[in-house]
Amino acid sequence: MANQNIPVLVAETNDVRPLARLLRGIGLKHNAVMEISESGLAVTVEEVRTLCAIAWIPTGLFSSFTFNPPSTPATFELSLDALLQCLNIFGNAGSSSAGSASSAPSRNKRRWAGEGEVGVDEENEEYTVSRKGKEKRTGMRMEWGGPGYDLSVLLSDDARGPTTTCELRTLEPEELMNAQFDQDDMVLYLIMKSEWFRDALFDLPPSCTRITLLATPPRQAHPPKEPTATISSEGRHNHRADVGQFKILAEGDFGVTELDYPNDKEVMDKFDCAEQVKFSYNSTHFALLHRALHQSVKICLQIERSGFLCIQVMMPLTENVEIGGHSGILEFKMHALEELD
């Protein structure tokens with residue numbers, strides 16, 4: 001065990017909401033693996049080894065962050081459900097149940113980690129307000145003594161309010177899949193606003209089982225002119241062939257839903273497509289992405305030549321973030337399905 005007088009981790013914040021928001025975004029399982037490093041925390045969950053979700057929590061999200069590396073990896077498994085319940089013990093961390101339940105696709109009816117906590121609608125950010133009209137916040141001090149010790153979370157309701165301490169049991173972490181994305185084998189890289197992608201997922205038919213992502217690089221041959229095509233529709237098709245496009249396709253009980261996103265500045269911040277791309281993925285995994293997109297600002301979508309997909313979700317910048325830094329990133333990785341004959 002590490003020296004009890006020198007904790008491996010001491011992290012403090014005056015407002016647990018940004019931390020809770022990130023953890024809720026990956027709350028698809030009730031247990032998670034937390035890894036501590038000089039750059040912050042990485043909290044990972046896996047869905048039957050087919051979907052890997054990681055919350056990258058930078059040190060800048062805390063008012064103070066002290067890491068004393070032990071002789072063994074600073075990694076442990078804990079109950080993500082219990083941690084989220086603790087963070088919202090005073091009702092100031094926001095709730096994941098109200099807003100997500102009404103907006104997520106109906107096929108996703110699982111109980112997420114942290115659900116059942118007393119709180120508010122996360123999507124609208126309507127947090128508790130005190131009688132004096134000042135927004136109430138929960139402060140936190142998180143401490144871990146090292147392997148074999150519990151994770152201690154001290155929470156305070158405002159500066160002069162009550163405090164409580166939660167001791168969360170830590171376990172030896174299970175081996176994770178967590179396949180690494182190969183940047184050198186990437187065939188598609190795009191950055192777009194989260195709201196575009198979130199609305200697309202919401203519009204997909206709940207009965208679909210596969211979601212297909214397609215992309216075409218710029219400067220493609222114009223498609224053949226259809227006899228019934230109007231001048232405006234023909235112009236749109238030709239424009240997308242010129243600039244390149246990203247497409248989401250799903251087939252449900254009542255037909256096919258197809259959503260097109262041209263490589264325009266109004267839609268894409270970045271679009272690098274080396275060749276034509278077409279891969280299909282489990283629709284259930286995309287349904288799990290919906291919650292992570294709440295309150296996010298942009299997504300970065302990357303696909304390897306093999307179809308391995310990595311989606312990074314960027315959260316809004318908080319105060320005092322250095323240039324080039326971030327206020328937390330949610331990362332989802334999954335393999336493509338075999339193509340149907």
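Colleague: In which helix is the place of Ser194?

Modeller: Ser194 sits in helix 4; helices (H or I, at least four residues) and strands (E, at least two) are DSSP runs, numbered from the N terminus. This is a predicted model, where local features need pLDDT of at least 70 and side-chain atom pairs count only at pLDDT 80 or more, while totals for chains, interfaces and linings use all residues. Residues are numbered from 1 along each chain as its sequence is written, and side-chain values use heavy atoms, with hydrogens and water left out.

Colleague: Is Ser194 buried or exposed?

Modeller: Ser194 has 0% relative accessibility, so it counts as buried (under 20% relative accessible area; exposed is over 50%, partly exposed in between, with a 1.4 Å probe and protein chains only).

Colleague: Which side chain joins Ser194 in a polar contact?

Modeller: That of Ser296, at 2.8 Å. A polar contact is a pair of N or O atoms within 3.5 Å; within protein, one must be able to donate a hydrogen and the other to accept it, and residues adjacent in sequence count only if both atoms are side-chain atoms.

Colleague: New topic: what is the strand order in the open sheet?

Modeller: The order is 6-2-3-4-18-17-16-10-14, 9 strands with antiparallel pairing (two strands pair if DSSP finds at least two bridges between them).
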